[in-house]
Amino acid sequence: MKPNVIDEIVKNELCIGCGTCAGICPQKILKIQDNEYGEYIPSEIQVCDSHCGLCLEVCPFGNNENETQIGAKIYGSIEGMKYLPETGYYLDSYVGYSNEFRQRSASGGMATWLLTKLLKEDVVDYVICPTSQKNPEKLFSFEILSDKNYVKSSSGSVYYPVEMSEVIQKILETPGRYVITGLPCFIKALRLASQRNRKLRERIVFTIGLVCGQMKSKNYTKYIAALAGNKDLNKIQNVYYRGKSPEKPASNFYFQSTDEHGAQQKIFWNEGVSEAWVNRWFTPNACNYCDDVFAELADVTFMDAWLPEYSNDSRGTNLVLVRSPEIQVIIQKGIEELEITTSEIPVKKVKQSQSGVLELKRKQLSYRLYLAKQKGLKVPEKRVNPSKDIGLLKKREIKLKTLMQEESKQLFLNYCQNQFVEGETFRSRMNPFVRQTCQLRFLGKFTLLPMRTIKRICK
Ligand SMILES: Cc1cc2nc3c(=O)[nH]c(=O)nc-3n(C[C@H](O)[C@H](O)[C@H](O)COP(=O)(O)OP(=O)(O)OC[C@H]3O[C@@H](n4cnc5c(N)ncnc54)[C@H](O)[C@@H]3O)c2cc1C
Ligand code: SF4
Ligand code: SF4
């Protein structure tokens, strides 16, 4: 009898809710549902009597092969391929934007450009990506699209849970050539599933990855919608996370929610959104044990150009890591046809643009693994070892953010009653933690203070 995801992953709070286990289960006994925190998790709708263990084999948080091992099999023998431990395999790196899609997209619109190009050039039959649903309880879901206009209207970043169980089942039922967008853990799950299923392997012809620092639960969106002024959850028809303003830098984007009458509420990153984002409020626990920054198993990965020379441009700019030679040719063609304004950029700039996420998912991960082992928690094998070799202030910051992550989940339940969110009250209850992080940051600037003083303040 092989172990399954419910015992190994869900009960240990390691599920990111990707839905791959439910999509591939031969008996269809797993169903993805919301938990009270607004995160997706699988549950058994019938008793499993086969115990085949396939669900755990495809889970990105199961102890299966890591990204480096899987990446070596997919990309290792391609001519011209390079490798860095931080980025995984890559052929080339680019900076640029799409001339057509930039304004409505999250960054430079190159992901949407590529998806529509693949359809237009008849390289794929279907694009799979999250689309808006106009349903307050399920604002986004993965859909299968064959019309370029729908792909275009699905641009933007979705900081909201989406899961792949239904689209995986549809791919298995319907022959065709599919391209799918996903976060690093989702792409890993698809690679693990494709290794074990010929139909998935043949039909998913391309995977498009997005750099990822963390996911957020549905409650995150409820909270920031309330901060923006839409406190009645029944009224939220759709949301957009990355609005651009010509007078603001790309990093100060706005969140917008629209109610059933078309009235819109807006809130900028600097007006409260960043506080919840950077302090890891509403972040699923699984993200604490993730070491893939650059979606290392995707055929191409898109990200924001968080570099001083680009981030002041409110229109947004992409950095791109390409792993598939076919995608590389399509990008070159896009440049020649003047559809994208894109040029090569050294990979060290790509790494530099994500230095914060790299620290989070490598150095800080080591300490989180160390803490988890100390507590006797079950955590997946990672490519970094558990270690407490990190500065005192950093240790405190990591602990504080983990505390905020847990506290925000529980506390939100008290301030979200009958679909009505008391956002400001919730925020004021989180404020003491935020004050402590500010103090830490302040202390960080005075690292020359005697260690004894710092230790006393940290306590
Ligand atoms: C949760 C999350 C965290 C991220 N963290 C970072 C980060 O730390 N640093 C960084 O540089 N970039 C990060 N990104 C990526 C960044 O926000 C942009 O998505 C990326 O730069 C592509 O921009 P674009 O303008 O080319 O994409 P667009 O042209 O806007 O197209 C994006 C495509 O991706 C699809 N998509 C959006 N969200 C999701 C999702 N959750 N799952 C699957 N597909 C999706 C859309 O439907 C669309 O087809 C993150 C994205 C997400 C969703
Ligand atoms: S495969 Fe995905 S949904 Fe299933 S247990 Fe693992 S992370 Fe959760
Ligand atoms: S941080 Fe990692 S686990 Fe969390 S959503 Fe992003 S890729 Fe998945």
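Arg196 and Glu57 join their side chains in a salt bridge, with 2.9 Å from N to O. Arg196 belongs to helix 8 (residues 184–196) and Glu57 to helix 3 (residues 54–57), so this pair ties together parts that are 139 residues apart in sequence. Side chains of opposite charge can pair when their charged atoms come close. The structure holds 32 salt bridges. Please keep in mind that this is a predicted model.

Let us turn to the domains. The domain assignment gives domain 1 as 5–216 + 288–353 and domain 2 as 385–458. Their C-alpha centres are 31 Å apart. Where the two meet, six residues of domain 1 are in contact with six residues of domain 2. About 500 Å² is buried between domain 1 and domain 2, and carbon and sulfur atoms give 38% of that area.

What else links the two domains? Two salt bridges are counted between domain 1 and domain 2, and three residue pairs are in polar contact there. On the side of domain 1 that touches domain 2, the residues divide into one nonpolar, one polar and four charged. Elsewhere in the list of charged pairs, Lys409 and Glu39 meet through their side chains in a salt bridge of 3.7 Å, N to O.

**Ligand 1**

Ligand 1 has 35 residues around it, and Ser107, Gly109, Thr112, Gly156 and Ser157 come nearest.

| Residue | Part of the residue | Distance to an oxygen atom of ligand 1 |
|---|---|---|
| Ser105 | polar side-chain atom | 2.8 Å |
| Ala111 | polar backbone atom | 2.9 Å |
| Arg242 | N or O atom in the side chain | 3.2 Å |

Which residues surround ligand 2? The shell is made of Val5, Ile9, Cys15, Ile16, Gly17, Cys18, Gly19, Cys21, Pro42, Cys59 and Pro60. By class, nine of these are nonpolar, two are polar and none is charged.

Around ligand 3 you will find Ile16, Phe61, Leu183, Pro184, Cys185, Cys212, Gly213, Gln214, Met215, Cys287, Cys290 and Lys361. This shell has nine nonpolar, two polar and one charged residues.

Methods:
Residues are numbered from 1 along each chain as its sequence is written. Chains are lettered from A and ligands numbered from 1 in the order in which they are written. This is a predicted model: local features need pLDDT of at least 70, side-chain atom pairs count only at pLDDT 80 or more; totals for chains, interfaces and linings use all residues. Side-chain values use heavy atoms; hydrogens and water are left out. A residue is near a molecule or strand if one of its heavy atoms lies within 4 Å of it. Ala, Val, Leu, Ile, Met, Phe, Trp, Tyr, Cys and Pro count as nonpolar, Asp, Glu, Lys and Arg as charged, and the others, Gly among them, as polar. Domain bounds come from an automatic or database domain assignment. Contact means heavy atoms within 4.5 Å. Buried area is the accessible area (1.4 Å probe) that two parts lose on being put together, summed over both. A salt bridge is a side-chain nitrogen of Lys or Arg within 4 Å of a carboxyl oxygen of Asp or Glu. A polar contact is a pair of N or O atoms within 3.5 Å; within protein, one must be able to donate a hydrogen and the other to accept it, and residues adjacent in sequence count only if both atoms are side-chain atoms. Helices (H or I, at least four residues) and strands (E, at least two) are DSSP runs, numbered from the N terminus.
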